Structures are given as structure tokens and as C-alpha cells.
Amino acid sequence: MNFSEVFKQTNQLCKVSPDGKYLATCVQYRLVVRDVSTLQILQLYTCLDQVSHMEWSSDSLFILCAMYNRGLVQVWSLEQPDWHCKIDEGSIGLVSSRWSPDGRHILNTTEFHLRVTVWSLCTKAVSYIKYPKACQKGIDFSRDGRYMALAERRDCKDYVCVFVCDDWHLLRHFETETQDLAGLEWSPNGCVLAVWDSCLEYKVLLYSLDGRLLSTYSAYEWSLGVKSVSWSPSSQFLAIGSYDEKVRILNHITWKKITQFEHPAIIDNTKATVYKEAEKRPGVGSDEMPLHNITMGATLFNTQSKYEICPLPVQIPVVKPDPDRASPKIGISVLAFSSDSRYLATKNDNMATAVWVWDMQKMSLEAVLEQTSAVRCFQWDPLRPRLALCAGNTKLYLWSPGGCVSVQVPTEGGFQVQSLNWHCSGDSLILLGKEQLCLCYMDTDQEDK
Amino acid sequence: MPESSTVKDVLSSSVECRTSPLRRFSLSALHRNSLGVFCSEDNVQECLSHISQEVSSFGLRPAWTEPGSGSELNIVAALNCMYDLIQLHRRGLRTLENMEVEQLKSNSNVDFLQLSTTRLKEQLEISKRENTGLLERERQLQLKVKSLQNCLKNEKEEVQKLQNVIASRASQYNHEMKRKEREFNKLKERLNQLLVDKKEKKQAIDVLNNIGRADGKRSLWKTEKMEAKHEGEMYKTLLSDYDTRQRELQLENAELRKVLQQMKKDMVSILSSRKPAAKGDKHEHGGTQAASEEEDDEAFDSSKESVELYCVHAREKLTNSIRLQWRRLKSHVERLDSQVSSAQTGESKSTDAVPRETHEEEMDRLKLEIQQCKDFIQAQQQLLQQQLSSPCDEETASLLSDCYMLQEKERLGDEWKTLEEQRKIFERERRNFTEAAIRLSHERKAFEEDRATWLKHQFLNLSPFSDSKKPSLSKSKSAFLISAETDSSAAVAPEKFIKHRSESPRCVPLTSPSTADLYRTLCLIPEDSSTKPKRKTEHVEESSVFCGNAPVRHKRWDGIQDRTLSQEKNSSI
């Protein structure tokens with residue numbers, strides 16, 4: 001495992017192009033495009049203000065830089081560095097901006113979600129979509145890029161609009177049976193749209209592409225409901241994480257629950273392995289390394305850690321959330337399927353230091369990783385069943401069915417890994433700190449415990 | 001005397017009463033005589049004395065003072081005595097009466113007490129029963145109380161939960177409300193700002209140049225046809241998805257059906273193998289129907305094997321038949337289990353005792369077998385140990401070491417012997433051959449020399465200066481030589497033979513190639529003989545050929561020749 005040197009970035013804006021060749025980072029006003037393998041700067045663009053959001057187009061030719069406080073979007077071309085495009089939303093303001101799947105249209109959501117403006121870079125034409133809903137996930141594109149689903153709120157009722165991304169033709173417009181639609185997501189095969197209600201009501205609706213209601217699922221009433229939803233890449237399963245600390249899996253044939261995964265505080269009676277991160281403290285006052293340590297700077301504070309396998313029963317530390325606060329820190333907030341749909345990684349918010357990995361074939365718990373600090377982010381390798389996670393410290397953790405490893409990010413000055421992203425080839429990881437980023441190149445051989 | 005008769009009666013009765021404490025002296029007379037009276041005319045005095053004694057023992061005044069006063073009874077005294085006795089008797093009777101009365105009373109008391117005890121016991125029983133009933137009721141009521149308490153607790157918990165839910169919902173609503181209010185306020189501010197702002201910043205896009213579409217095609221107008229096309233595409237996507245799903249399900253179905261069929265076959269085979277053993281079961285189930293159904297199923301299977309069970313009825317039939325088989329198998333297994341358990345507990349019926357006994361026999365047999373095997377292994381082990389550790393003599397060891405291969409070894413030895421003999425014979429023959437060849441060569445040489453001399457002689461004869469002596473000499477010489485040679489050869493032959501023999505070990509390598517030579521020479525010799533009369537030169541060439549053809553062998557020949565010649569020379573000398 002090799003680590004590159006550390007580069008600057010702001011706002012956690014660092015993305016690899018969809019074709020995997022370039023790495024774009026935002027540093028203050030500037031947009032820096034590097035080559036992924038050599039990390040040499042290929043292009044440098046200057047934006048008009050601090051960039052709030054940056055996105056690659058699907059064909060890796062253009063980069064969108066949105067500056068929300070200025071209401072501006074600037075588009076840069078990789079092929080023609082002197083090509084420029086600036087979209088000014090004017091007084092209407094800008095809340096979010098994104099590419100369309102064809103890479104030629106930009107959808108801007110105005111302030112207060114008044115409307116969504118569709119700007120065409122080919123024709124300079126503008127289209128408007130009225131009454132978009134301001135919710136957790138109001139717009140979703142199907143994976144093949146043909147359809148866009150948009151949540152609409154009109155006359156105190158929720159609707160879903162399905163657009164054909166080709167010409168923004170409104171294909172379907174139907175009302176949903178939700179109280180307050182919180183999000184929608186296309187299945188990876190693009191035929192089913194999952195729509196879920198806000199946390200006040202547990203309701204997940206499944207609509208077919210042509211707008212027919214296929215099924216409704218509601219696990220319970222009254223208590224806080226759905227917190228997160230995720231489709232498996234094979235479109236076979238829909239995982240619903242809720243505030244009752246359980247994940248329910250629906251199958252795509254009957255849309256009924258086939259199993260539920262619980263996250264108890266005391267793990268017992270399971271065949272899963274529980275990996276606990278244990279810190280290896282370097283010997284204090286050893287004569288061998290004082291000078292070395294001083295020159296290395298903060299390495300004294302970078303304690304090595306390793307994983308130990310704990311025998312059952314294991315108790316996971318639980319932090320009880322404040323009952324008076326809204327959206328309590330309890331429940332399954334993150335769900336991630338591995339690319340082969342074999343594993344599901346979950347995180348329960350009141351057990352923030354633990355990541356649970358479930359085996360979808362056996363429908364049982366496969367492993368639990370207990371970290372020393374709260375897990376910030378985890379992501380599956382796009383090709384292999386390998387999970388990378390970070391916990392806001394200087395280490396990178398990797399789990400695979402073969403074992404678990406904890407790697408110290410060898411940087412000076414303590415690089416706290418806040419989030420990470422896999423490269424689309426699965427060969428490297430982009431680690432983002434607060435103001436820094438670092439690339440980690442994986443070895444092709446397997447890691448050991 | 002009537003008085004005496006009554007007295008007699010009384011006396012007799014009293015005598016009857018007191019037969020045991022009879023005084024010793026002369027009371028035999030006072031016994032009842034043959035007439036059955038106490039007193040008769042002869043024993044009056046004795047009777048009197050006796051009576052007086054008795055009376056005095058009763059504590060009464062005796063009737064008379066002395067017996068000597070005469071036989072006259074003091075009537076007054078007697079009457080007093082009688083009266084006293086009567087009183088005594090009366091008193092006795094009265095006490096008897098009283099006592100009887102007392103007894104009756106006590107009897108009645110006892111009865112009364114018994115009655116009362118039985119009554120009390122019954123009452124006790126009743127009250128005990130009532131008590132247990134009450135206790136039971138109390139227990140039930142306590143249980144009810146507990147369950148009610150539980151219910152209450154549950155309800156309280158639920159209420160608490162609901163309250164929590166309400167609280168969380170309320171906080172969520174409040175949060176949402178606040179958020180919306182904040183947004184509303186922002187909106188209001190913005191609206192105000194916009195109203196105040198004179199300059200309205202319009203939306204605009206500023207692009208250097210239009211870029212082409214991603215797919216390079218031209219964008220199309222939005223028309224109805226396009227809409228229809230979009231609809232069509234959408235339905236196509238959906239249909240293809242349904243298609244793939246249906247195909248997958250079909251495959252899965254086929255797999256499962258296969259598995260079910262396999263299971264059914266297995267179950268049928270298991271059950272049919274148990275049929276002869278469990279004929280009783282068949283009767284239990286109303287066997288003929290079951291058997292026929294099984295057969296039906298099997299027939300059904302074989303006919304439908306190739307055809308897939310698509311229709312619902314066929315599918316149902318399959319699942320039903322599998323369920324039936326499974327039930328049968330389950331019941332059979334349960335029966336076996338119960339049999340085993342009953343055999344274990346020892347409640348053996350006649351039918352169950354048999355398997356137990358057979359089981360025991362089997363166990364014994366197996367144990368015996370185990371023992372035998374163990375003994376066998378033990379013996380083997382011992383033998384092996386002996387083999388390895390026992391120090392036996394060299395002879396026996398050597399004998400024993402190869403004892404298994406003895407026969408083979410003997411056979412091998414015999415064969416070797418025969419081979420050896422054959423080899424020796426062969427060698428002998430070879431030697432004979434070589435000697436013959438040598439002889440032949442010598443003879444040939446001599447013959448050649450003879451010929452040469454003869455030719456020389458001829459030549460010389462032809463010429464005017466001819467020497468007759470020499471050729472003759474040479475002839476004779478040669479002849480002599482030849483003869484000498486032959487003689488010598490003959491003479492030396494045994495020597496040669498001996499020498500060859502002695503030299504045979506050394507000459508062995510020499511003899512073998514020489515046999516090849518031998519054949520060559522033999523071949524050559526007829527050639528020579530054929531060409532002899534023709535040319536001298538040919539002969540010379542031939543001889544040179546003979547000499548030059550195989551130089552090595554020639555050397556050997558020479559060697560042999562030299563040796564033989566030397567031998568000859570030696571011998572001759």
C-alpha cells in the first residue's frame with residue numbers, strides 16, 4: 001500500500017473523473033485537475049468564488065463548479081481549457097446544482113426550492129420544473145441515465161415526476177401515498193422507484209417505471225420510521241434502515257420483508273467475527289527511538305493499532321441520544337451494499353464506533369468492526385468485496401472477508417481522515433482530511449489480518 | 001321331707017356353684033349322691049357343719065352353735081340364717097340390677113359418643129374440603145392478581161412508549177415547524193429584498209460556444225411522435241426487465257422442481273425398501289390404497305418425466321404427493337423412535353422383545369468378533385516382535401530370512417545350473433570351432449604355400465633353369481611341413497586344447513569376436529577354393545583382402561597364430 005503526498009483541498013471537494021483518469025480538487029477559488037497515476041497537475045482553473053459543489057460530467061470532459069452564495073455555476077472543459085461557461089441564477093439564488101446524465105445539461109435548484117432550472121449547454125435553452133420538493137433526496141437519475149425522478153409538492157400533496165432525460169419530456173406524473181415524501185431512489189435496473197416517507201411515518205412505496213404502485217411496506221406505526229434506504233446493485237434487495245435500530249430487507253419479487261437485521265448492544269450467539277481495534281502503545285522511554293521520534297514530528301502521537309478478534313459475548317458501547325431533540329442519533333443511518341451484492345455494511349447511530357457487515361447470502365451477521373473512535377465514513381470497493389472505513393483519525397481501515405487491517409496514513413503533521421472515496425478501478429483510495437487529501441494506492445495482493 | 005328337698009335343691013345348686021373351692025376333708029361325701037341331693041339322712045351332720053362354715057364365711061350368725069346339741073336344728077337361727085341369705089341374695093340381685101343399669105347406661109354413652117365422633121369426623125372432612133377449596137380459590141385469585149398486575153405493567157409500559165413516541169413526534173414536528181418557519185422568514189426577507197432591490201439580476205447563461213450533444217446526434221423536436229416513442233421505450237424497458245425476471249424465476253422453478261422430484265424418488269425408494277419389513281404399517285394405513293397411490297405416483301412420474309409440470313394441477317399433485325411421502329416417512333421414523341425408546345425403557349411387548357433379543361445377540365456376536373480380531377492382532381504383534389527382536393543363529397536366520405523365496409530360489413538355482421551347463425557346452429563347441437578354424441587356416445596356409453611352391457615349381461619348370469630339388473624339397477618340406485603341421489597340430493591339438501583351456505579365461509574376450517571372424521573365414525574359404533586355380537594374384541589379393549579386411553581381427557588372428565605358431569615351435573622344439 002503506497003501513499004501519495006498530501007495535497008490541499010477545501011470543502012471536501014475532491015472527485016475522480018468517471019473514466020478514472022483525472023482527479024479534480026478544489027482549493028479555495030481554484031480548481032486543480034491532476035492525473036490520477038502521476039498526480040501531476042494537468043489543468044488549473046480559477047473560479048469566481050469559493051466553490052461549494054464540484055462535479056464531473058458523465059463523459060469526463062467537463063467539470064461543474066457551483067458557488068451557492070453567489071448563485072453562480074461555472075463549467076470548465078478539459079479538452080479546451082479556454083472554453084468557459086458561466087450560469088448566473090441571478091436574484092433567485094442557488095441551492096444545489098448537478099449534471100444531467102448526458103453531461104450536457106445542468107440542473108440548478110433555486111433558493112427555497114422555487115424551481116429547478118434545466119440549462120442546456122448545447123442549445124443554451126432553459127426549461128423549468130416547478131414545485132420541486134425540498135427533501136432529503138428529491139431528485140434521482142436512473143443508472144442508465146435515461147430517466148429522472150423528481151419529487152414534487154403541490155397543494156400539500158406529494159407527487160413524483162418522471163422525466164425522460166433526452167428531451168426533458170414529462171413521462172409520468174403521479175401522486176404518491178406519502179404524508180411527507182422524504183426521498184426517492186431508482187433501482188439499479190431502472191425499473192422500480194422506491195419512495196419513502198419522512199421519519200414520522202414508516203412507509204416505503206415501490207412504483208414501477210410507468211407509475212403503477214407495485215407495493216407498500218410499513219413495518220410499524222407511530223415510532224420514528226425510515227432513516228436510510230439502499231438498493232442492492234443487483235436490484236434484488238431493498239435495504240431499509242430505520243430508527244428502531246433494525247435493517248429490513250425486502251425482496252424484489254414479492255416486495256415483502258425476507259429478513260431483518262438487528263443491532264443489539266450485546267452481541268452473542270452468532271457466528272460473526274468481532275474485530276476490535278486495539279491500540280499498540282509504543283514503549284515510553286525506550287532508548288532506541290528518541291531522536292527518530294523527534295524528527296518524525298507527531299509520530300509519537302500516532303499510535304499504531306491493530307485488530308483483535310474478540311470472543312463472544314461482546315458489548316458495543318452505546319450512546320443514548322437526547323430524547324428531546326429531533327432526528328435523534330439513533331437508528332441505521334448508513335447502508336452500503338458491496339458491488340457483488342454479497343455484503344451489506346451498516347452503521348447504527350447510537351453505536352457510532354461500530355460498523356456491522358452482513359452476509360446477504362446467509363442473511364446473517366458476518367463481522368462487526370469496533371473502532372476506538374466514531375466511524376466517519378465507509379465505502380465499498382467498486383470491484384471487490386472490500387470495505388474501507390475511516391474514523392476521523394490518522395488511520396485507514398480495510399475489511400475484506402479474509403480479514404481486517406489497520407493502516408497508518410504516513411503523513412507528517414497528522415492527517416485526520418474525515419472521508420474517503422474509492423477510485424472506480426478499485427485500485428486506489430482518496431482520503432480526505434479537513435483541508436488535505438491523500439491518495440492511497442492498493443497492492444494487488446491480498447492483505448492479511 | 002319337703003323342707004329337706006328344698007334345702008337339698010338349694011344346696012345342690014350352691015354345690016354346683018362351688019364345685020372348685022371344695023374343702024379337702026371328707027367333702028366327697030357331701031357331693032351329690034346318686035339321687036342328686038346334697039344332704040341325705042346319713043350325712044346330716046356333715047351337711048350341717050358345712051353349712052355353718054359357709055354361713056360363717058358369709059359373715060352371718062351361724063344357725064346352730066354346736067353340732068353336739070343334737071340333730072335338731074335351731075329353727076329360729078336357721079330361719080334367720082335363711083332370711084339373711086335371702087337378704088344377701090336380694091342385695092346381690094339389686095347390685096346386679098344396678099350394675100346392669102350402669103352397663104346399659106355406659107353402653108348407650110358409648111354409642112352416643114361413637115355417633116358423635118363419626119359426626120364430628122364427617123364435619124371435619126367437610127371443613128377440610130372446604131378449606132382446600134378456599135385455598136384453591138385463593139391461589140387462582142392470586143394468579144389472576146399477578147396476571148392483572150402484569151397486564152397493568154404492560155399497559156403502563158405501552159403507555160410510556162406511546163408517550164415517548166408522542167414526545168419524539170412532537171419534537172420532530174416542532175423541529176419541522178421551526179425549520180419551515182425559518183425558511184419562511186428567509187423567504188420573506190428575500191421578498192422584501194427583491195422588492196427593495198431596483199436592479200433585478202436576471203438569470204443568464206454565458207457560454208463561449210455551444211458544445212455538441214454527448215451522443216453526437218442532433219436534438220429532436222418535441223413532438224407527439226417523440227412522446228409515443230418515449231412511452232414505447234419505457235414499456236420496452238419494463239418488459240425486458242419482466243422478461244429477465246420471469247426467465248430467472250423459471251430457471252429457479254425448474255431447479256426446485258427437479259429437487260422435489262429427486263426428493264420424492266428418494267422417499268419412495270426408502271419407503272418401498274421398508275415395505276417388506278413393515279408390512280404391518282401398510283395394513284395400518286389401509287395399505288392397498290397407499291400402495292396403489294404410490295404406484296400411481298410412480299406411474300405418473302415416469303409418464304410425466306419428460307413433460308414439465310406446468311399446469312397448476314400437476315404442480316399441486318407433485319407437492320401433495322411429496323407431502324404424503326414425507327408424512328409417511330415421518331410416521332415411520334417416529335415409529336422407529338418409539339420402538340427404540342420402548343425397548344430401552346424395558347416395556348417390551350412380544351413383538352418388541354424379539355428385536356431386543358436379536359439386538360443383544362448381535363451385540364454379543366460383534367463383541368466376540370472384536371475379541372477375536374483383537375487376539376489375532378495380538379498374535380500378529382507378538383510374531384512381529386519375535387521376528388524383530390529374537391536373536392536366532394546365523395543359519396536359521398539366513399534360512400528364515402529368505403524362507404519365503406526358497407522355492408523360487410531353488411528353481412532359479414536349477415535354471416542357472418542348466419544355463420551354465422549349456423554355456424559350457426556352447427563354449428566348448430565354440431572352442432572346437434575356433435580350433436577347427438585355426439586348423440583350417442593352417443591347412444590353408446600350408447595349401448597356399450604348397451600351391452605357391454607348385455606354381456613356382458611349374459614356373460621354374462617352364463623356365464630352362466629349373467631346380468628340381470628345391471621344389472621337391474619345398475614340396476616335401478611343405479608336405480612335411482603340412483604333415484608336420486598336421487602331425488604337430490594333431491600332437492599339439494591336445495596341448496593346444498589344454499593350453500587353450502588354460503588360457504581360456506584370458507582368451508575369452510578374444511574368442512568371442514573370433515567366432516565372427518570364423519564365419520567370415522569360412523565364407524571366404526570357399527571363395528578362395530573357387531578362385532584358387534585361376535589366379536595367383538587373386539589369391540594374393542584375396543589373402544591380402546583376408547589380411548586387410550579386418551585388421552584388428554587380423555591382429556588377433558595373428559596373435560593366435562603367433563601363439564599357436566610359437567607353441568608349435570615350442571612344442572616342436
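Colleague: Among contacts in chain B between residues at least 6 apart in sequence, what share joins residues at least 24 apart?
Modeller: That share is 66%, where a contact means heavy atoms within 4.5 Å. This is a predicted model, where local features need pLDDT of at least 70, side-chain atom pairs count only at pLDDT 80 or more, and totals for chains, interfaces and linings use all residues. Side-chain values use heavy atoms, with hydrogens and water left out, residues are numbered from 1 along each chain as its sequence is written, and chains are lettered from A and ligands numbered from 1 in the order in which they are written.

Colleague: And in chain A, what is the figure for such contacts?
Modeller: In chain A, 45% of the contacts between residues at least 6 apart join residues at least 24 apart.

Colleague: How many helices and strands are there in chain B?
Modeller: Chain B has 13 helices and 1 strand. Helices (H or I, at least four residues) and strands (E, at least two) are DSSP runs, numbered from the N terminus. Along the sequence the pattern is α-α-α-β-α-α-α-α-α-α-α-α-α-α.

Colleague: What about chain A?
Modeller: Chain A has 1 helix and 41 strands.

Colleague: Why does Gln172(B) count as buried?
Modeller: Because its relative accessible area is 3%.

Colleague: Which residues form the nonpolar patch on the surface?
Modeller: Ile75(B), Leu79(B), Met82(B) and Ile86(B), with about 390 Å² of accessible area together. Areas come from the Shrake-Rupley method with a 1.4 Å probe, and for residues only the protein chains shown count as cover. Patch residues have over 30% relative accessible area and no salt bridge; like charges are joined within 9 Å, nonpolar side chains (Val, Leu, Ile, Met, Phe, Trp, Tyr) within 5 Å. A salt bridge is a side-chain nitrogen of Lys or Arg within 4 Å of a carboxyl oxygen of Asp or Glu.

Colleague: Where is Met82(B)?
Modeller: Met82(B) is in helix H3 of chain B and counts as partly exposed, at 44% relative accessibility.

Conventions
Buried means under 20% relative accessible area, exposed over 50%, partly exposed in between (1.4 Å probe, protein chains only).
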